[in-house]
Amino acid sequence: MPHSEIPVIETNRLVLRGPEPEDYPDFRATFSSYRSRFMGGPLNPYESWMLYAAEIGHGRIRGFGMWMFHDKASGRPLGMAGGWQPASWPEAEIAWIIWPETAGKGYALEATHAARRYFYETLGWDGAVSYLDPKNLDSIRLAERLGATRDVEARTVDGTDVCYRHPSPAALRHSQIADAIALEIAHYANPQFQPQGYALD
């Protein structure tokens, strides 16, 4: 899928579009920070540049990739979500990362839910996984909120990660998972909603 054909997806609060050169400073800042410790970081400037180039090139090679997602009202970049399957990845992965200052507002849940729906309904995926660091409790909680469960029988990337398997399209259609996700996103979109306790993406 050429970069110019990466679809633009809109949700209630977000606009998802392919990564552009002007998005790189936020990407570099995040991947050079402690925030990226569960995704191979922190990275030096050269490593950040190479990874960002890979993010753009991945869509051309695989036909799917990662979106940058932005606040619909302000245009402010918030993070990335989408598909990822570089060489040696056993299966197509749904991945995400949110910029540090925007965590805890449900944006990653909203973006990842939209990305998965596109992969299932438009590209015809019959399932997906997420490879997570077992110490990355935020991402594990997010995967579980998306309905994913740990698959102890699945191959992992390098043996240090764990595999969370997402519900199939049929399982999502015949369960309350999608409705629960929509309800949670609606809570976050309510300006009067103030989540208590540990911040979730």
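This is a conversation about contacts in one predicted model.

Visitor: What should I know before looking?
Guide: This is a predicted model in which local features need pLDDT of at least 70 and side-chain atom pairs count only at pLDDT 80 or more, while totals for chains, interfaces and linings use all residues. Residues are numbered from 1 along each chain as its sequence is written, and side-chain values use heavy atoms, with hydrogens and water left out.

Visitor: How many salt bridges does the structure hold?
Guide: There are eight salt bridges, a salt bridge being a side-chain nitrogen of Lys or Arg within 4 Å of a carboxyl oxygen of Asp or Glu.

Visitor: Which residues are linked in a network of them?
Guide: Glu91, Asp151 and Arg165 are linked in this way. Arg165 meets Glu91 at 2.8 Å, N to O, and the side chains of Arg165 and Asp151 meet at 2.7 Å, N to O.

Visitor: Where do Arg165 and Asp151 lie?
Guide: Arg165 lies in strand β8 and Asp151 in the loop between β7 (149-150) and β8, so the pair ties together parts that are 14 residues apart in sequence. Strands here are DSSP runs (E, at least two residues) and helices are runs of H or I of at least four residues, numbered from the N terminus.

Visitor: Where are Phe64 and Trp125 in the chain?
Guide: Phe64 is in the loop between α2 (45-62) and β3 (66-71), and Trp125 is in the loop between α3 and β6 (129-132), 61 residues apart.

Visitor: And are Phe64 and Trp125 buried or exposed?
Guide: Phe64 counts as buried at 8% relative accessibility, and Trp125 counts as buried at 12%.

Visitor: Which residues form an aromatic cluster?
Guide: Tyr24, Phe27, Phe31, Trp49 and Tyr52 form one aromatic cluster.

How values were computed: Buried means under 20% relative accessible area, exposed over 50%, partly exposed in between (1.4 Å probe, protein chains only). Rings of Phe, Tyr and Trp (its six-membered ring) pair if their centres lie within 6.5 Å; planes under 30 degrees apart count as stacked, over 60 as edge-to-face and the rest as tilted.
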